Structures are given as C-alpha cells and as structure tokens.
Amino acid sequence: MGIWRDDQLLGPTAAQQRSVLAMLLMEPGRVVSVDRLVMAIWGEDPPGSARNAVQVQISKLRRILTALPETELTTSAKGYCLTAPRPAVDLHRFRDLVREARTAHDERAAELLRAALRLWRGPALADVAGGWLSDTVGAGLEEERRAAMEECAAIDVRAGRHHEAVVRLSALVAEHPLRERSVALLMEALRRSGRRADALALFRATRQRYAEELGIEPGEELQRLHRQALDTRPDTRPDAPSGTSPEPHPAPEAADAPDAPGDTDDTAATPVAGAAAVPQQLPPDVAHFTGRERELAGLDALLRNAGRAPTAAVIGVIAGSGGLGKTTLAVHWAHRVRDRFPDGQLYVNLRGFGPTGSAMTVAEAVRGFLDAFQVPAHRIPATVEAQTALYRSLLADRRVLILLDNARDAEQVRPLLPGSPGCLVVLTSRNELTGLVVAEQARPLPLDLFGRAEARDLLIGRIGAERAAAEPQAVEDVVTVCAGLPLAVAIVAARAATHPRFQIAALADELHDARGSLDAFEGGDATTDVRAVFSWSYHTLGDDAARLFRLLGVHPGPYIAAPAAASLTGVDVPQARRLLGRLTRAHLIAERSPGRYAFHDLLRAYATELTQECDPADDRRAALHRVLDHYLHSAFAAGRAFTPHREPIALAPARSGVTVETFTAHAQALTWFTQEHAVLIAALQRAADAGFETHAWQLAWTLMEFLDQLGHWHDQHTVHRIALDAARRVADPAGQAYACHGLGLADFRMGLYERARGHLLRSLDLHGETANPIGQARIHVALNMTAERQGRDEELLYHARRSLELYQVAGHRKGEAYALNNLGWAYAVLGDFQQTLVHCAKALALLQEAGDGRGESAAWDSLGYAHHHLGDHQQAITCYRHAVELRRGLDERVREAESLHRLGDAQRTAGDVAGARASWRAALSRFDALGHPDADRVRAELAGLGEPRPGES
C-alpha cells in the first residue's frame, strides 16, 4: 500500500498512514468520516487519542501528496476527501479492466485480465494497521483478485494454453484448497494437458480435505470432471470450451420440438432400379448451434464405438426433460456425421410426448422406413412382425444412421432397432429408457440444463453482441430467470429479437414480475410454450406420481429425500422412492446426489401452478403440515443424537402419515444435518411465512447446536431472528426465550459481546416467566462465557454458581457436571487454579461416568488450563491432547480450535516450539475457515515464533 511516482515509492512508511490512505482511496472524491478512519486503524476498541492521531496521519499524507498535483486532500465538517483520477488508483484501474474484460471476446479479455492482475503487488491491505481493515475490506478485495485469476485461467484453458493455466491455478489452489471453482479449472487444465493422473490426484486430495474440514462431498462440477478424468478413451473435443460459438442458437421451435420438420414417414421417393434407395430423412439442420460441447463429444465417442462393434448396432439415448433441446442436438450432430453413413439416414418422430398425446405405433414407424427404402407396395408383408423383419433385412450389411426422435418407452423402440452391426441408432426421449440400457446395452447420454455461459451465449447470439453489451446486467438477469432451460432462453430471445427497440432490462423486469408463473414463457404455439412442453411429460404420469409432482410445489426446500417425499404425500418410504423414481425417469426431477432429488426453478413453478389448480387448499396445507412435521421431528431426533446432554423441548405429536427419521450416533446425525442444512432453513422460513410459528421457532432450536459447532453463525443469527419474530406473533414466551438464546449465542461467536449479553438477559427473564429452571441454568452458562470475554470478572462466579444451583435443585446430574466445569473455569479466569482443579476433576468424573464425550472434552480443556498456569506444563499438554482428540472425533470445530490454541500455549512454555507452531497452525486453519474472531490472535502468536506473514516467503 503506497503512493508511487515514476516507479518511486514516496510513502507512507507507517502502517496507520497506510490505513488512512486505503480508506480515502476506496472511494476517491467522497468524504470519509473520522469515525470510519478510527475504525480502520483500531477496530472497535480505539484509544482516547484516536481522533487526534488520525489528524496527525492526515497531515503527513498531505505532505506526501504535494508531489502529485492531480490529487487533492480536503477537510470538511464531515471528514476528509481525497480527489484523484480514477486511472491513477490501481484498485480502480483493476476493476475497470476486469469490467471491460467481461464484455470482450476471449483473447482481448485475457489481455485485459492479465493487465489487471499485474497491478497487484501482494495481498490486499496486508501492511495496514490493525486487523479490522485487512480482514473486512481486504478480504473482499482478495476475492475480486481470485475471481479475476479464475476468469483468466478459464480463458487459457479454452484457448489451449494449458501450461499457463496450470501454473496460475496451482498457486491459487495451494492458497485456497477448498475453492471449488479453482480446483475445477485446475483439474480441467491438467486433464487437457495430458496430466490425467495429476487431475485424479488433485480430486482425491480435495475430496479428502472436503470430508475432513467441511464434512461434505465435492460439488457436482468436480464430480463431473472426475468422471471425465477417469475416462481413458481418446478425447476428440476441441480445446474451445462449450458456448463459445458466436453464432446464435436454433430458433425455439427447433428446440426439442416433437413435430420437427422432416418427419417423412408418409412419403416415398421414386424407386431406383436394381437397388434399394438411399434414404436422406434428416430434418434440416439449424442455421446456428451454440454450446453442448460435452454432449457432442459423447456422441462422437458413440460413433467411434460403432466402428468397433462386431456383432450389434450401437445405440445412444439422449434423455432429458422437455425444453432442453434434445432434438436440436441430435439433428445437428447427425448432420455433422452424415457422410460417415453412405447408405443413408433415417428419421422418425415417434410422438411419444406431444400435444396430441397419441404416440406413433410400431406399424406406422416401420411402414415409413420401408417406404423410405422404396420397397414396392406389393412386396410389403401384411403383418407388423414380417414388416419389421424386412426392415432389418434391408439394414443388414449397411451403414445407416437411424434417428428415433421423441420416444415414449423402450417397447416403442425395440422393433425399430437394427438386427446387425454397422448401423448407429440415436434416440431422444424424456424417459431414461433404462430397459434399453440394461438389455440392449444402449449408452445413456443424459442432457441437462445449460450452464450460465451457454445460456448467455444463446441469448447473445440471438439478440446480437452489441445489444447485449449495452445491458450486461439485464442479460445476466434474463439468464438467471430462465434457469438454464434452452427453450425458455430461446423464447425470451425471440421476443427480444422481434422487438429490437425493447430494452433487455424491460424484458428482465417482465420476467421478474412473473416469478412463480410461466406466463412470461409462452412462445406462441404448443411446441414453444414452456408450460405446454412440460405438460406432455406430466400427462404421462400415473395419478400417484402426478400428485407427488404437484405437491413438490408445496415443498419448501431446494431438494427432497424419500422420507420427506413420503411425508409430503402421506405414503410409506418405499412407495415414495418408487414415485420419485418415476418422476426421475420422466425427467421431471433429477437425482442431484444419491437419494436427494431436485428440479429447476421453471419446473418448480409448473408444479406450483398445478397444485394450486388441482389440489384443494386444505390438501396443500395438510401436505405442508406433514412435511414440516417430518423436518421438525427428524431434526429433533438428530439433535438428540448430536448433543445428547441437551435438555429437550416438548413437541406436538407428528400427524398421521409423517415419516420421522431415526439416528443412533453422533456421526449419523452430523451427516444428516450437513445434507439437510439448506432444506431445514428453507422449511423454517416457510413455516414462519405460512402461519406455522411454533414449527419455526422449534426448528431453530433443533438447529442451534449444529450451527454453533460447525461455525454457521450467520445462519444461526438468521434462523433465530425468524424464530423470535414468529414466537412474538403468537405471544409464545418459551419460543421467544429459546430464540433469544440462539441470537445471543450467534452474536457471542461473532464477537458481538454486548449485543449477545442483551439477548441472553432477555432470554433469562423469559425463562423466569415460564418457570424453566433448566433454561435459566443454560443462560447463566452463556452469560458466564460472555462476562469472561467482556472482562466482567465480578459476574463470572455469580453466573457459574447460579447455574450450578439451578441444575442441582432440578436434580439434573449431567447439567450439574457441566456447571461444575464452568465454575472451575470461572475460578481459572480469576486466577484460583487450585479451585479449578477441584471443581473440574469432579466434573470430569461425572461426565466420564455418564459417557458424555462432549462434556468430558470441556473438563479436560479446563484442567489443562489450570495445570499450565500452575507450572505443570507436561500435565497440561496431556489434558489438552485429550480435549483435542475428543473434540475432533465429535467434529466440534470451534472447540477443537480453542483447545489447539491453548495446547500451543502450553507447548511453547514447555520449550516445544515446533509443537506449538504445529498446534497454532492447526488452530488458525480452523479459526480462519470459521471466520472466528480469535484467528488474529493466533496469527500474531505465530508471527512471534517467526512464522512468515502472508505474502512473505
């Protein structure tokens, strides 16, 4: 951080001056108040002389800035303002270059991004005073730099500059190994440069780190790249990435249209003497095609396999939901390879899904193919079986490409498959046609939604790059609302193209106004109306599957598992799994991870419309009640396994038809909470919005320990704010008490101690009103922790003793053990370590007797602290190691980091500097991952051991 002129650093040399300069340069030309400058230097605990010190630094900056006549530092009643040309400030030059790059073509974008990244001289704000500015503003700036590095690397990968991408990304991944986008780009760069083994090794290391540090599996993108890296077949894809074609996408009517042009099953050409005709039945190729590089590569691999299949025809099944462009893809690829099939190309639209609801019969399809081969009418047998045999005879020893479009099921397709090798069959269907995959070894080629880049390219290709560049944010808004569905993007693009004077922003606003409805995606006829296209799949469902699909519009979360689906519909779990399987095979939902199903936003809107139209309001509310009961009672059960010592709350019985999941171990509950985390928060919000206020605050209660222990404190604050508002609406003091406890704990974890204290005192009063001594005891524990952090020593023993008294009066043995440990810790804070040993030893014995590993770990930690301060460092190290081991086994990330920090203290005092460094590094890694306020303290202690600061070698 500094002021430069002609490559000469003019200053400042003091960290406080750099903090002031940074704040002024964030927004040149705008006034920055003295209070904000004080905050930048000293954080929330400034000295009394802070304002005078700021004035001194301003004066020194003015002297430095006199060398730059284009700048001006002025003073006003509101604060200070530094005026400087925007290009003179590296940060704003960087942002301008990145902004320009995002609207440029790849090569130009790469030049701009490299120029932007060359402006960085090291970590953002690493040399300013204090930690507040670097941890808040600096963290955001570093995120901007990382995003630009990823964008530049992505362009290098697309352009074939794999080595450059690997170098750039390796450094980024080493610094941020859990950053999924960087890891994905590095895997792709390694794979494309021929380093497949390195790509696989990177995935394995990332997967292990995700499991150890986050408790989750890598995301879908990394899983897909892993599968690609495992594929040892030659990769014939060009280096250019998907979605880079400047040409527009096919017209919407071509996207998955069931009645595509070229359906010539009723036509026959003039016979050719001496030989069967060479049919050329492919519908016209689209004028332009965008994206789908991965899928095209899969079809190319299918073609290579066709040349190696000695005994059977090769079959590929392009399956996906309506509107994805299956027909467009198949026809486009067929035209690309038609010269590889000199004996002709057959095409038929089997009408498996369409506005008429009438699928083509086998007899119609076979007769159409015989006509295409110009078989004279008098030679066509009378029965379908004989016609099928003649059709297969005509295909024998020929190389024919057969495109069977819009198939309903495997039985409709089987008679149309060749009986001998040489031919290649491509099928499109909304069903998975699993029977063909199993029996005929057809290769599935699933089609999914467009990625953002593909959807953006489709839209830009249709409306023109210049028009899109004029309204980049509106383009992004349209892409978001279209949810990756090519048909939806094509409809909006067609509307924009036919109204060239309309602003894209106006169309985006129109889409937002219709959110939750498909009215904005009516394309003018059945084949280009998103609602109609979806309906063709829906109407093939049986009654039970159709009902489940509709009620998924009631479900609050981003995905659903079978037990929740069973509760939603009031059926048993096996029946729910069967129904989910039917919806998956119909491509109305997708199994995004094993056992968890989701659908995109437009299908959700369709399901919501259907349930509001078809299901009475009472049925919809009953379904919502059942699924909320499922999540509440299942989360309650998971919470009991996750934190066995916690005093339960009383729940109303679950309704009939509700499936409640069961848990026998902490690890099982942790896995479930991790998987269902987002759904539970969505369910809580829906409960509050829909008038299920008790469900809302009780769900927040069930989530509190999980969110706290895994460091999700912002979520903790959000859910308990919702819970408190809900409990207040129904005047429920117990619910308000628990919600205030959750808010207080979240604020405590985030270092907002005074605000935490206010919430906790309110909770204490409310528990008193409801005569809940156990609730009061728990609040006294929390107030004890808060008093320690605030330095309120006079309150420590009071809260600790009051908690112990309340637990003893209630006969709560486990709570008494916890309170004994807390009392011992209070003595430790006050310096009476002998009393700490007495009380914490009693607590440890009780907790070991109860088999409570969580409480035992706390007692070991307290004993370690006392031994350390009594000079018995080896005994302290032993105690701390017990605590760390227990907390790591329970995945208590916050408490493990705290024990690691104190273990390092004991090791350093005992002379084990290497051990202290290792313990503090591990603690810092966990604190940083959690965003914990103690991270700075550990970082400073490591620096005291000679640990290099960020950016130093």
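## Salt bridges

R108 is partly exposed, with a relative accessibility of 33%; buried here means under 20% relative accessible area, exposed over 50%, and partly exposed in between, with a 1.4 Å probe and protein chains only. The side chain of R108 meets that of E100 in a salt bridge of 3.6 Å, N to O, the term standing for a side-chain nitrogen of Lys or Arg within 4 Å of a carboxyl oxygen of Asp or Glu. E100 is likewise partly exposed, at 39% relative accessibility. The model is predicted: local features need pLDDT of at least 70, side-chain atom pairs count only at pLDDT 80 or more, and totals for chains, interfaces and linings use all residues. Residues are numbered from 1 along each chain as its sequence is written, and side-chain values use heavy atoms, with hydrogens and water left out.

The structure holds 51 salt bridges. One of them links E295 and R292, whose closest N and O atoms are 3.7 Å apart. E295 is buried, with a relative accessible area of 12%, and R292 is buried at 3%. Another pairs R456 with E476, and here the closest N and O atoms are 2.6 Å apart. R456 belongs to helix 17 (residues 452-463) and E476 to helix 19 (residues 472-482), so this pair ties together parts that are 20 residues apart in sequence. Helices (H or I, at least four residues) and strands (E, at least two) are DSSP runs, numbered from the N terminus. R456 is partly exposed at 25%, and E476 is partly exposed at 21%. Salt bridges with shared partners also join E705, D708, R749, R778, R854, E892, R895 and E898 into one network.

## Overall composition

The protein chain contains 41 helices and twelve strands. Of its 953 residues, 54% are buried. Among contacts in the chain with a separation of 6 or more, 68% are made by residues 24 or more positions apart; contact means heavy atoms within 4.5 Å.

Five strands form an open sheet in the order 6-7-8-5-9, with parallel pairing; two strands pair if DSSP finds at least two bridges between them. Strand 6 (345-349) and strand 9 (443-446) are the edge strands, each pairing on one side only. On average, neighbouring strands of this sheet are turned by 15° against each other, direction ignored. Strand 6 runs parallel to strand 7 (residues 401-407), and five bridges join the two. In strand 7, L404 is the bridge partner of V348.

Helix 13 lies across strand 6 and strand 7 and runs at about 150° to strand 6. For such values, axes are lines fitted to C-alpha atoms, for helices over the stretch in contact, and angles run from 0 to 180 degrees between N-to-C directions. A363 is located in helix 13 (residues 362-372) and is partly exposed, with a relative accessible area of 30%. Leaving aside neighbours within four places in sequence, A363 is in contact with V384 and Q387. The C-alpha atoms of A363 and E385 are 8.9 Å apart in space, while the two residues are 22 apart in sequence.

Strand 11 and strand 12 (residues 596-598) run antiparallel and are joined by three bridges. Y597 in strand 12 is the bridge partner of E591.

## Packing of helices 2 and 3

Two packed helices are described by the angle between their axes and the distance between the axes. Helix 2 (residues 34-42) and helix 3 (residues 50-65) pack at about 95°, and their axes are 10 Å apart. The two helices are therefore roughly perpendicular to each other; angles under 35 degrees count as roughly parallel, over 145 as roughly antiparallel, 65 to 115 as roughly perpendicular and the rest as oblique. Helix 2 contributes V34, D35, L37, V38, I41 and W42 to the contact, and helix 3 contributes A50, R51, A53 and V54.

## Cysteines

The count of disulfides is zero, a disulfide being a pair of cysteine sulfur atoms within 2.5 Å. C423 is buried, with a relative accessible area of 1%, and C840 is buried at 0% relative accessibility.
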